[in-house]
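Please look at the sequence and the structure together before reading the points below. They are arranged by region.

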Amino acid sequence: MRAEIQSLTTEIENSLELLRQRMGWETAPHRLEEFNARVEDPTLWDDPAKAQKLMRDRQSLVDAMETHNLIQQELSDNIELIEMGEMEDDAGIITEAETAIRALQKRAAKKELEALLNGEADANDTFLEINAGAGGTESCDWASMLARMYVRWAEKRGYTVELQSEQSGDEAGIKSAAYKISGHNAYGWLKSESGVHRLVRISPFDSAAKRHTSFCSVWVYPVVDDDIDIEVNPADIRIDTYRSSGAGGQHVNTTDSAVRITHHPTGIVVTSSEKSQHQNRDIAMKALKSRLYQQELDRRNAAINEAHENKGDAGWGNQIRSYVLQPYQMVKDLRTLHETSDTKGVLDGDLDPFMAATLAMDVSGKSRAEAQGD
């Protein structure tokens, strides 16, 4: 067997091992038997929400087991075909099996990434907030570039993007923006983007064409499912209404319909500026509950909690990723050391390799820098 195919076979076997780890392979058959027994319980649908969750969990396990077994069987079949082709000196059989293994490796790698998204809220929709750091117009323009990048990424995945609120910059760009991004695993993919993002470029706003460094912070937190109960004490919040900024002319909003909710115990502030004040109250309250839920998730995960605490101000020492457009072109994640010179592609939403590298790091518990130091 050629070295290339041996290497691809090893990669597929590594992917299968990760799939076994994520599903708890040794106990999977027993858990499936338990699920099947509970499904046959005539009282199951007395509690529809509980029954639906059980059915989802069962199907998720069935899908994981079937995916694993199918990949393993296809790998074994094609290895046997290659061995048979070599024995019979049949180049056609060998070529066909090698082509199948190349395709199988890509499929296995994709399933491996999907298996990494098994956190409590990974499958949920998500809120994404962008805030310009110090730097005035430069940072506001960088914030608008980041907003475009994430919208493009979401659209490529077929996700739905809803603008929740936005504050324009004084001269250009935006000071802040909040989005709701809806789609399967939206939070699981985007959660790794929380942190400070640094841009280095020749400023289009500087007549001297000097190089500038700008910072923006990104915060991602899951949309709370309806079946997750987050209690908010009315005494702990203050609700303010204010006039939404509009497009001007006949479209300007002349009523105090925008809503800001401040949660005193945590200092969390959420806003919504749709047309209806009632709708804004509902959106802002859901956003607040999601933020509180995110805090609970953080408490359960010390690594994520530490990352949020260390995020700090949008400035030096706190960045997770650098985007350098001059004097050379490079985007580099400072946690995983994953990098690319395709800055245009990244700013157009090609973020999957960066997200995948961070997800893989979360599983191994090490950054690439730490792994290289071993």
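1. Asp89 has a relative accessible area of 71%, so this residue is exposed, the cut-off being over 50%. The model is a predicted one. Asp89 sits in the loop between α3 (48–88) and α4 (91–116). Its phi is positive, near 55°, although Asp89 is not a glycine. Most residues other than glycine have a negative phi.

2. Asn185 also has a positive phi in a residue other than glycine, here near 70°. The residue belongs to the loop between β3 (174–182) and α6 (186–190). Is Asn185 buried or exposed? Its relative accessible area is 10%, so Asn185 is buried, the limit being under 20%.

3. The next item is a peptide bond. The bond that joins Gln326 and Pro327 is cis, with omega at about 10°. Most peptide bonds are trans. Pro327 is found in the loop between β9 (319–324) and β10 (330–333).

4. Arg201 is part of strand β4, which covers residues 195–202. Its relative accessibility is 8%, and Arg201 therefore counts as buried. Tyr328 is 127 residues from Arg201 along the chain, yet their C-alpha atoms are separated by 9.3 Å.

5. Helix α5 runs over residues 137–156. How far does α5 reach from its first C-alpha to its last? The span is 29 Å for 20 residues, close to the 28 Å expected at 1.5 Å a residue. Of those 20 residues, 15 are buried, and α5 is mostly covered. After the helix comes Gly158, with a positive phi near 80°.

6. Glu129 is located in strand β1 (residues 126–132). Why does Glu129 count as buried? Its relative accessibility is 13%, and the limit for buried is under 20%, so the residue qualifies. Two side-chain polar contacts can be checked here: one to the side chain of Tyr221 at 2.6 Å, and one to the side chain of Arg291 at 3.1 Å. Beyond residues up to four places away in sequence, the contacts of Glu129 include Ala177, Ala178, Ser217, Val218 and Trp219.

7. Strand β5 (residues 211–222) pairs with β1 in the antiparallel sense, over seven bridges. In that pairing, Asn131 is opposite Ser217 of β5. β5 is also joined to β4 by eight bridges, and these two strands run antiparallel as well. Val200 has Thr213 in β5 as its bridge partner.

8. A separate topic is the sheet with the order β6-β7-β8, which is open, has three strands and is paired antiparallel. Its edges are β6 (237–242) and β8 (268–272); each has a single partner strand, so one side of each lacks a neighbour in the sheet. From one strand to the next, the twist averages 15°. Six bridges link β6 with β7 (residues 258–263). Arg238 has Thr262 in β7 as its bridge partner.

Technical notes: Residues numbered from 1 in each chain as written. Heavy atoms only, no water. Helix = DSSP H or I, 4+ residues; strand = E, 2+ residues; numbered from the N terminus. Buried < 20%, exposed > 50% of the residue type's maximum accessible area, 1.4 Å probe, protein only. Polar contact = N/O pair within 3.5 Å; in protein donor to acceptor, adjacent residues only side chain to side chain. Contact = heavy atoms within 4.5 Å. Pairing = 2+ DSSP bridges. Axes fitted to C-alpha atoms, helices over the stretch in contact; angles between N-to-C directions. Expected span 1.5 Å × (residues − 1).
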